Amino acid sequence: EIEVGGLINDNWTVDFNLAYVDTEYTRYQYNFGAARLGYSDMKGNSVPRVPEYTAFGTTTYRWTVSNDMNAFLRLDANYFGKTFTEERNLNYMQAYTIFNLRGGIETDAYRLEVFVTNLTDEEAWASGARFSDTAFATDFGNFFVEQGINVSPNDKRELGIRAQFRF
């Protein structure tokens, strides 16, 4: 993992984070996979639900509006790499990037902010996992044969206003 941040000038900051996770199985026998695939050795496959790469970047610009009021504008980018949904690595969720934007004003007494999450309205699967349908199991050998993937979509674009008061 690496993280870098700094000042472009007195008003402008940037931060970046990149993470790499080596999740490859070195030894793992998944016996329920053998019924459908004819093999059970998962060596070399990636651990499910853990992306190999993730990254985060943000930039914030701040300026003075008056003696007692400041303003800000911030852009965030979140990258989530390709993620397998189960041990066999037969299904995966594609990599995607989410952008968020916010801006506002603040004083010692309050902060008002306008924000947009998922700025580009990116449609992607935020999570996914294997499930087994046991409704039609006739014996233990076929118990896990009917399988599928449950997925959850990421949040849609959201626009909003936040107010914070200090007293």
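Guide: Start with the term. A salt bridge here is a side-chain nitrogen of Lys or Arg within 4 Å of a carboxyl oxygen of Asp or Glu. Side chains of opposite charge can pair when their charged atoms come close. The model is predicted. By this rule the count comes to 11 salt bridges.

Take Arg62 and Glu106. Their closest N and O atoms are 3.2 Å apart, and the two residues form a salt bridge. Arg62 belongs to strand E3 (residues 53-66) and Glu106 to strand E7, so the pair ties together parts that lie 44 residues apart in sequence. Arg62 has 39% relative accessibility and counts as partly exposed. Glu106 has a relative accessible area of 16%, which makes this residue buried, because buried means under 20%.

Now the second pair. Glu113 and Arg102 meet through their side chains in a salt bridge, at 3.7 Å from N to O. This pair links distant parts of the chain: Glu113 is in strand E8 and Arg102 in strand E7, 11 residues apart. Glu113 is buried, at a relative accessible area of 4%. Arg102 counts as partly exposed, at 25% relative accessibility.

These pairs belong to a wider set. A network of salt bridges links Arg62, Arg102, Glu106, Arg111, Glu113, Arg162 and Arg166.

E7 (residues 96-106) and E8 (residues 110-117) run antiparallel and are joined by six bridges. Arg102 stands opposite Phe115 in E8. The open sheet has seven strands, in the order E1-E2-E3-E4-E7-E8-E11, with antiparallel pairing. At its edges stand strand E1 (2-7) and strand E11 (158-165); each has a single partner strand, so one side of each is left without a neighbour in the sheet. From one strand to the next, the twist averages 10°.

Asn118 lies in the loop between E8 and strand E9 (125-132). Asn118 has 2% relative accessibility and so counts as buried. Leaving out residues up to four places away in sequence, Asn118 touches Ile98, Phe99, Asn100, Asn154, Asp155, Lys156 and Arg157.

The side chains of Arg74 and Asp76 meet at 2.7 Å, N to O. Arg74 is partly exposed, with a relative accessible area of 22%. Asp76 is buried, at 11% relative accessibility.

For contrast, turn to a nonpolar part of the surface. Ile2, Val4, Phe16, Leu18, Tyr20, Tyr53 and Tyr79 make a nonpolar patch of about 640 Å². E1 and strand E2 (12-20) are the elements that give two or more residues to the patch. E2 gives the most, with three residues. Phe16 sits in strand E2. This residue counts as partly exposed, at 41% relative accessibility.

Last, the setting. The chain's secondary structure comes to one helix and 11 strands. Along the sequence, the pattern is β-β-α-β-β-β-β-β-β-β-β-β. Of the 167 residues, 28% count as buried. The chain exposes about 11200 Å², and carbon and sulfur atoms supply 54% of that area. Among contacts between residues at least 6 apart in sequence, 56% join residues at least 24 apart.

How values were computed
Residues numbered from 1 in each chain as written. Predicted model: local features only at pLDDT ≥ 70, side-chain atom pairs only at ≥ 80, totals over all residues. Heavy atoms only, no water. Pairing = 2+ DSSP bridges. Helix = DSSP H or I, 4+ residues; strand = E, 2+ residues; numbered from the N terminus. Axes fitted to C-alpha atoms, helices over the stretch in contact; angles between N-to-C directions. Buried < 20%, exposed > 50% of the residue type's maximum accessible area, 1.4 Å probe, protein only. Contact = heavy atoms within 4.5 Å. Areas by Shrake-Rupley, 256 points an atom, 1.4 Å probe, with all protein chains shown as cover. Patch = residues over 30% accessible without salt bridge, like charges linked within 9 Å, V, L, I, M, F, W, Y side chains within 5 Å.
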